[in-house]
Amino acid sequence: MNIKEITSKLIGKTVNAVSNTVAQTEQIHEITQTEVTDDIKECCRRASAQGMVLLKNEAVLPFSSEQTVAVFGRVQVDTFYVGYGSGGEVKAPYKVSFADGLEVCENLLLDNTLLKKYRKWCSSHKPDEGYWGHWPMHYDEMPLTEEDVKNAAKVNDRALFIIGRAAGEDRENTLSKGSFLLTDREEEILRYIAAHFEKYAVILNIGSIMDCSWIEKYNVPCVLIAWQGGMEAGNALADVISGKVSPCGCLTDTIASSYADYPSSGNFGGKKENIYAEDIFVGYRYFETFAPEKVLYPFGHGLSYSDFEMKCTSFYDNDKGIFIRINIKNTGLVAAAKVAQIYCACPQGRLGQPFYKLVDFGKTKILSPGSSEDILFSVDYSAFASFDDSGLSGYRNSYVLEQGTYVFYFGSSVKDIEEAGSIEKPKTTVLESLTECSAPQKSFMRMKAYSVNGKVYKTTEPVPVKEKQLKTEILSALPSSVKMCVGHRYVLDDVKNGKVSEDEFISLLSYDELEALSRGDYVMNSPLGINGNAGVFGGVTDSLREKGIPAVSCTDGPSGIRCASEASLLPNGTSLACTWDVNLVKEIYSYISDEMVQIGTDVLLAPGMNIHRDPLCGRNFEYYSEDPLLTGRIAAAAVSGIQSNGVSACPKHFACNNQETNRTVHDSVVSQRALREIYLKGFEICVKTAKPMNIMTSYNKINSVWGHYNYELVTDILRGEWNYNGNVITDWWMQSSSSPEFPSMHDQAYRVRAGVNILMPGGGRTGKRNPDGTLLDGIDKEGHITTAELQNNARRILEFILRLSKQEEQI
Ligand code: BGC
């Protein structure tokens, strides 16, 4: 470690210690003892097992109880259960390591001498867990000689080699050994195992995909991605290795031959900006269209211990969509579930298209050998429509279906598909006519597909730039004021009970109260909320609480409740998505919502649902997929689960938080088409189907405008087009800026005018304990925020609180 690193580490540790002490001495709430029920334990175990993806299996897995197994790799003991940062850090009541899970499994016979050796070595080489943004990406392996492995092979029939990676917030994975690539020692151990064992499996304990070129290099016979499986990780692995559970998870990302093959790799990690030059060609949309030979394991791939046959038994379309019935039969020897995927190949038209788009998916129940299940897929036209931002189709800023033939496929991965049927569009049709929103402010060349005589080529075209006069639009949409009154003393319950109208209640709020509603309490772990909260909003002042407005606690996050109480630790986001099972995701989050009620937190800052644009993004482990439909459906299931119990979800980060490098200042420069079809689509599906009560903006800029100032994304698209009626909150703190349209408005006024209701936490990064003054400064003067806007802003927060309390009463 150099001097700079040592100093930064010391400062990091001191800051953590000081802020914890300050927060703890102020804390007024008891720590609640959560009851982690057997039901959630069982559900976590099931979800973790079902999210595992069997990439390759040459008759290696499952192991039988007669075969002795040598387990290599220190993460068998020092398992990575989840990633670091706000997407991890849940105080789980217990965590089952891989070693513990495998050891107690009755149907596995482990090499205990080797296991003891690992346990001993790990206990004397405890990994350094680092500190915020400087967590380990891997742990050093226990040294092994070839002789050690050779000797193990003499007394064992099989081997497992478990390789681990961690990732975390506020920094990326790196294209280096120990992060995206194997370390030298890992490669050495793999070489020894490959030389001395015929039957072995590599288990990947990772949060997001890593380089897999070593599979071919060493002709590894079996690879299982176990992800970071939460508190039940070890039991879940034992279930799969022993054959109690047949793997049924499928990849939610493409695994390519090398990092450089990913279309984003040339435009990722920029400190100031990242040009999304690959446009809509993200993940399999790129690989299947332009570089199929670069794919090691395709999107949607995942093997089973059983075999399946899929047949299309009916295909028809009507004005509502396309209907495809698939019969899925277990033709193998063991009980297993199977994911069926539906893809659409659109005509290239003038806009250019990827070869395939995922348009629907479903999963069977666990089918016993010989049994089958029918799934009827109904594919809405919007699932394969294109957003024309250039006007080439003749319909600018509209979702269109260009004229031509649309072919539908079903199958087990994007590469393993059969045709189900096709439909003809004799002429281009408009599905939704919209307006320009959040167009790039500068032009760049984007990737495009075009076809000549049925053959598809790659080209580029200039991206259309912003034309809209935002200022005029904002001014014409400004609300008119309800009046300000004084005198009456109503409480919020009076609105609920119909004693006073919402308008009248709001008219009684003073400017200070309107200001206080537009921001959270000043600090994280606010004394107004549950112990260990991430922030609190609503009744953050005495006068608001006197009006019966409660303080609302927010807690992270995607892998369970991150607070001072114990709570269940879920498998990481990618793992949950790899189940492709919306019912299971809903179920697991409904248990979390029970825990939220017990602990007393109101808003779970989850799900994290940004697109896996690039495999190096440090927070991919929290997010779901490179595909927007899958992302949207899984996120909607998570939201429905969380909100099933009178508490709120908060999908994040809206939008394009696709990298962690300079995450609070970099600019995601992206065409409207890619925004609409890829980066916003998941949010759109989630908002329209699951109706979250809160949404969090992203730290970054999107086409030059920070997420927390983004009128076009928040007011025009989220609220205007998708009818979202919940709150919008910032990601933690925001950047100072004045509005380009109204230069005398800045910071809080600029944010509230954009439609972003609450600054979280309210004191800014410095933890200042008073309003920064930028909201009320100049109110109602020419070019400033208006009283009506502040009242409208307050209305969102109050409506959310009323909704919360109504739902609580119904429980
Ligand atoms: C993260 C959010 C998180 C928030 C509160 C931020 O750093 O980006 O995802 O919810 O902190 O912990």
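These questions and answers concern a predicted model of one protein chain.

Me: What radius of gyration does the protein chain have, and what would a compact globule have with 811 residues?
Reply: The C-alpha atoms fill a box of roughly 85 × 70 × 55 Å along the principal axes. For 811 residues, a compact globule would have a radius of gyration near 28 Å. The value for the protein chain agrees with that, at 27 Å.

Me: How many helices and strands are there in the protein chain?
Reply: Both kinds of element are present in the protein chain. The count is 22 helices and 30 strands.

Me: What percentage of the residues of the protein chain count as buried?
Reply: The protein chain exposes about 29200 Å², and carbon and sulfur atoms supply 50% of that area. Among contacts with a separation of 6 or more, 77% come from residues 24 or more positions apart. A residue counts as buried when its relative accessible area is under 20%. Of the 811 residues, the buried share is 64%.

Me: At what angle do helix α2 and helix α16 pack?
Reply: Helix α2 covers residues 38-51 and helix α16 covers residues 582-599. Their axes are 10 Å apart, and α2 passes α16 in a left-handed crossing. The packing angle is about 145°.

Me: Which residues of α16 does α2 meet?
Reply: On the α2 side, the contact is made by Asp39, Ile40, Cys43, Cys44, Arg46, Ala47 and Gln50. The residues of this contact divide into 8 nonpolar, 1 polar and 4 charged. On the α16 side, the residues are Leu584, Glu587, Ile588, Tyr591, Ile592 and Glu595.

Me: Which residues of helix α20 are buried?
Reply: Helix α20 runs over residues 711-721 and is mostly covered, with 9 of its 11 residues buried. Just after α20, Asn723 takes a positive phi of about 60°. The buried residues of the helix are Tyr711, Glu712, Leu713, Val714, Asp716, Ile717, Leu718, Arg719 and Glu721.

Me: Is Gln76 buried or exposed?
Reply: Gln76 lies in the loop between β2 (68-72) and α3 (98-104). Leaving out residues up to four places away in sequence, Gln76 touches Val71, Ser97, Phe98, Ala99, Leu115, Tyr118 and Ile162. Its relative accessibility is 1%, and buried means under 20%. Gln76 therefore counts as buried.

Me: How far apart in space are Gln76 and Thr459?
Reply: In sequence, Gln76 and Thr459 are 383 residues apart. From C-alpha to C-alpha, the separation in space is 47 Å.

Me: What is the phi of Trp227?
Reply: Trp227 lies in the loop between β6 (222-225) and α8 (233-241). Trp227 is buried, with a relative accessible area of 1%. Although Trp227 is not a glycine, its phi is positive, at about 55°.

Me: What is the phi of Asn703?
Reply: Asn703 sits in the loop between β28 (701-702) and β29 (705-706). With a relative accessible area of 2%, Asn703 is buried. Asn703 is a residue other than glycine with a positive phi, near 45°.

Definitions and conventions
Residues numbered from 1 in each chain as written. Predicted model: local features only at pLDDT ≥ 70, side-chain atom pairs only at ≥ 80, totals over all residues. Heavy atoms only, no water. Axes fitted to C-alpha atoms, helices over the stretch in contact; angles between N-to-C directions. Helix = DSSP H or I, 4+ residues; strand = E, 2+ residues; numbered from the N terminus. Left-handed = near helix turned anticlockwise from the far one by under 90°. Contact = heavy atoms within 4.5 Å. Nonpolar A, V, L, I, M, F, W, Y, C, P; charged D, E, K, R; others polar. Rg over C-alpha atoms; globule rule 2.2 N^0.38 Å. Buried < 20%, exposed > 50% of the residue type's maximum accessible area, 1.4 Å probe, protein only. Areas by Shrake-Rupley, 256 points an atom, 1.4 Å probe, with all protein chains shown as cover.
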